[in-house]
Amino acid sequence: DTWVEGRVAYVNDGDTAVVDVAGRSLRVRFYGIDAPERQNRDWPAQPYSRVATRFMQTLIGGRAVRVRLTGERTHAREVGEVFVDGRSASQAIVAAGLAWWNERYARGDRELERLQAEARAARRGLWQQARPVAPWAHRARHRRA
C-alpha cells in the first residue's frame, strides 16, 4: 500500500472523489464499497444516490485527507481508502447505511462486513427499503437491457 496526502477537490458521488495531491488530480474510487448509482446515459438513478453523494460531500468535501492506495485501478481511477481525521470514509458511509460493502473487492474486510450488518439491522439509510438493489446488480440489469 502507498499513502498519499491531499485535499478533496470534488466529490463525484458516494464512492468516487477527486483528490489534489501535490498539484495533480487523483481520481479515487473508494476501497471496499459501492454506493447507489447516480443517473447517467446508461441507467436511471438509484434510490439514495443523492443522499450518499451529499453524505460524502459533507464528510470529506474540501477537506485534507490521507489516502491508502491499494495499487488497483478501475475505469481510470485509483482504488484507495480515504481517511479524514483518522476515520475511514468507506467505513463511515457503510455505517450510515448509504453504501454496500463490496465483498467482491474487499472479501476479508470484517469491519465493513460488521458495519453493514449493523446498518441493515437498524434499517439505516437504504436499508429502509423493502428490497434494496445493489449497485452492481443495477448496472448489470441496465447493461443487458
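Is F83 buried or exposed? In this predicted model, F83 is buried, its relative accessible area being 18%, below the 20% limit for that class.

**View 1. The aromatic pair of W3 and F83.** The structure holds 2 aromatic pairs. In the one formed by W3 and F83, the rings are tilted, with 5.5 Å centre to centre and 40 degrees between the planes. This pair links distant parts of the chain, since W3 belongs to strand β1 and F83 to strand β6, 80 residues apart. W3 counts as partly exposed, at 40% relative accessibility.

**View 2. The largest nonpolar core.** This core has 33 residues, and F30, M56, I60, V65 and V82 are those with the most contacts inside it. At least two residues each are supplied by β1 (2-13), β2 (16-21), β3 (24-30), α1, β5 (64-74), β6 (77-84), α2 (89-95) and α3 (110-121). The largest share, 5 residues, comes from α2. Another core, of 5 residues, lies apart from it and includes W100, L126, W127 and A134.

**View 3. Surroundings of M56.** Leaving aside residues up to four places away in sequence, M56 touches V11, D13, G14, F30, G61, A89 and I93.

**View 4. Y48 in the loop between β4 (33-34) and α1 (49-60).** Y48 counts as partly exposed, with 24% relative accessibility. Beyond residues up to four places away in sequence, Y48 is in contact with P36, L98, G125, L126, Q128 and Q129. Between Y48 and W100 there are 12 Å in space, C-alpha to C-alpha, and the two are 52 residues apart in sequence.

**View 5. R68 over the face of Y31.** R68 lies at 5.0 Å from the ring centre of Y31.

Conventions: Residues are numbered from 1 along each chain as its sequence is written. This is a predicted model: local features need pLDDT of at least 70, side-chain atom pairs count only at pLDDT 80 or more; totals for chains, interfaces and linings use all residues. Side-chain values use heavy atoms; hydrogens and water are left out. Helices (H or I, at least four residues) and strands (E, at least two) are DSSP runs, numbered from the N terminus. Buried means under 20% relative accessible area, exposed over 50%, partly exposed in between (1.4 Å probe, protein chains only). Contact means heavy atoms within 4.5 Å. A nonpolar core is a set of buried Ala, Val, Leu, Ile, Met, Phe, Trp, Tyr and Cys residues joined through side-chain atoms within 4.5 Å. Rings of Phe, Tyr and Trp (its six-membered ring) pair if their centres lie within 6.5 Å; planes under 30 degrees apart count as stacked, over 60 as edge-to-face and the rest as tilted. A charge sits over a ring if NZ of Lys or CZ of Arg is within 6 Å of the ring centre and within 35 degrees of the ring normal.
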